[in-house]
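Open the model in your viewer and keep the sequence panel in view. The tour below goes from stop to stop, saying what to select and what is there.

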Amino acid sequence: MLRVLGLDAGTESVYRLMLEHPSWGVDALAEALGAARADVLTALDRLADLALLRAAADTEPDAGSDDDDAGSDGTRGPTTLRLVPPQTGLAALLARREEELRRTQLEVDATRAAVADLLADYTAQGRESATGAVERFTGPDAVRRCLEHLTLHAAADLRVFAPTGTGENAAWELDVPLYEDRIAQGVRVRVLHLDSTAGSPERRRAMRRLAQAGAEIRTVPSLPLHMSIADGESALLSTSAHTTRQGAVLIREPSALVGLHALFSHLWDEGTSPAAAANEAGEAADYSAQERALLRFLADGLTDEAVARKLGISLRSERRMISGLSERFGAHSRFQLGLQAAQRGLL
């Protein structure tokens with residue numbers, strides 16, 4: 001009970017017994033406690049160090065001393081062990097401990113401020129500019145740090161556009177353990193990503209983990225950019241879905257956030273939950289939402305580059321999808337591909 005004041009269990013037992021029997025010597029204390037004499041002497045030394053016990057030299061020993069305790073080096077005469085009144089000794093120890101805790105708290109506060117400064121410097125690395133409610137970051141490391149900071153400090157709500165996390169956009173890869181932690185802390189997490197059948201096995205596994213943790217997941221055929229909105233107060237947007245120069249913009253401007261919220265809500269309402277996708281019927285169910293979107297974009301006359309941009313995938317992936325669909329349809333040209341898609345009700 002008194003360990004916080006520096007008394008271990010053995011020393012406290014000796015102290016309490018001496019309060020009851022102040023005249024007992026070392027041997028009597030050891031016998032009553034069933035302890036070794038050396039252990040009692042160690043406890044007495046500790047009590048003396050804590051100023052709870054003082055030894056006063058006497059001309060002759062009394063009941064509170066043993067004749068052979070007269071100094072370990074044999075140079076002192078007999079001693080009397082005298083307890084310092086508890087209200088004095090313990091109060092002094094308590095005051096000393098409180099002062100130590102006060103100093104420790106000051107050190108903790110100073111360390112917290114230093115950590116906050118360090119984290120601010122860490123997050124600001126790669127910051128290109130900061131004008132009012134808009135900050136621009138350049139480079140994948142800067143984007144990743146800013147995204148981690150935004151996610152970590154979300155207190156109630158996270159809304160995420162996750163087109164892809166590979167290749168040039170690896171900085172936007174979802175940190176699944178971090179999102180799981182935020183969900184465990186009561187943060188609502190909603191993630192919009194591309195149709196899972198077109199994603200990598202790693203991405204599908206990540207989405208399953210998030211769903212199992214409690215995240216709400218929906219898929220859409222295309223996403224315009226990477227985005228993460230935290231608590232409706234801050235939004236981090238990729239400067240471009242396809243660029244060799246990674247960058248992001250952090251926005252805290254309320255009027256801009258209103259528009260971003262509306263964009264997310266619109267696409268969220270248009271999205272398909274995994275359960276709903278599993279229940280789709282008809283031949284269209286054999287084709288992913290992303291594949292159907294690709295066919296619509298091609299029917300609208302968009303170039304391969306424009307289609308890849310709208311789908312949030314690489315040009316190589318887009319052409320691989322076209323090749324796969326053409327093979328499935330037995331089409332040898334874009335015209336035949338569009339004709340077959342229309343006949344199957346995919347447009």
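Select W268. Its relative accessible area is 7%. That falls under 20%, so W268 counts as buried. This is a predicted model.

W268 and F264 both sit in helix α8, 4 residues apart, or about one turn of the helix. F264 is buried, at 0% relative accessible area. Show both rings. F264 and W268 form a stacked aromatic pair, with 5.7 Å from centre to centre and 15° between the planes.

F161 lies in strand β5 (residues 157-162), while F264 lies in helix α8 (residues 254-270). The pair therefore ties together parts that are 103 residues apart in sequence. F161 is buried, as is F264. Keep the three side chains on screen: F161, F264 and W268 make up one aromatic cluster. The aromatic pairs in the count come to 2.

**Next stop: helix α11**

Select residues 304-311, which are helix α11. Colour the buried residues: D304, A306, V307, A308 and L311. Step just past the helix to G312. There phi is positive, about 70°.

Go back to D304. Is it buried or exposed? D304 is buried, with a relative accessible area of 12%. The side chains of D304 and R319 meet in a salt bridge, 3.3 Å from N to O. D304 is in helix α11 and R319 in helix α12 (residues 315-329), so the pair ties together parts 15 residues apart in sequence. R319 is partly exposed, at 43% relative accessibility.

Show K310 with F297. K310 lies over the face of F297, 5.7 Å from the ring centre.

Side chains of opposite charge can pair when their charged atoms come close. How many salt bridges does a search of the whole structure find? The search finds 15. Here are some others to visit.

Select E180 and R209. They form a salt bridge, with the closest N and O atoms 2.9 Å apart. This pair links distant parts of the chain: E180 is in helix α6 (residues 176-184), R209 is in helix α7 (residues 201-213), and 29 residues separate them. E180 is partly exposed, with a relative accessible area of 24%. R209 is also partly exposed, at 39%.

Move to helix α4, residues 86-124. Select R97 and E100. Their closest N and O atoms are 3.1 Å apart, in a salt bridge. Look along the helix: R97 and E100 are 3 residues apart, which means a separation of about one helical turn. R97 is partly exposed, with a relative accessible area of 28%. E100 is partly exposed too, at 30%.

Then select E99, R102 and R103. These residues are linked in a network of salt bridges.

**Last stop: two backbone angles**

Most residues other than glycine have a negative phi. Two residues to check for this are A51 and D231.

Select A51. Where is it? A51 is in the loop between α3 (37-49) and β1 (53-57). Its phi is positive, about 65°, although A51 is not a glycine. A51 is partly exposed, with a relative accessible area of 41%.

Finish at D231. This residue lies in the loop between β8 (227-230) and β9 (234-238). Phi of D231 is near 60°, again a positive value in a residue other than glycine. D231 counts as partly exposed, at 25% relative accessibility.

Conventions
Residues numbered from 1 in each chain as written. Predicted model: local features only at pLDDT ≥ 70, side-chain atom pairs only at ≥ 80, totals over all residues. Heavy atoms only, no water. Buried < 20%, exposed > 50% of the residue type's maximum accessible area, 1.4 Å probe, protein only. Helix = DSSP H or I, 4+ residues; strand = E, 2+ residues; numbered from the N terminus. Salt bridge = Lys/Arg side-chain N within 4 Å of Asp/Glu carboxyl O. Phe/Tyr/Trp six-rings, centres within 6.5 Å; stacked < 30°, edge-to-face > 60°. Lys NZ or Arg CZ within 6 Å of the ring centre and 35° of its normal.
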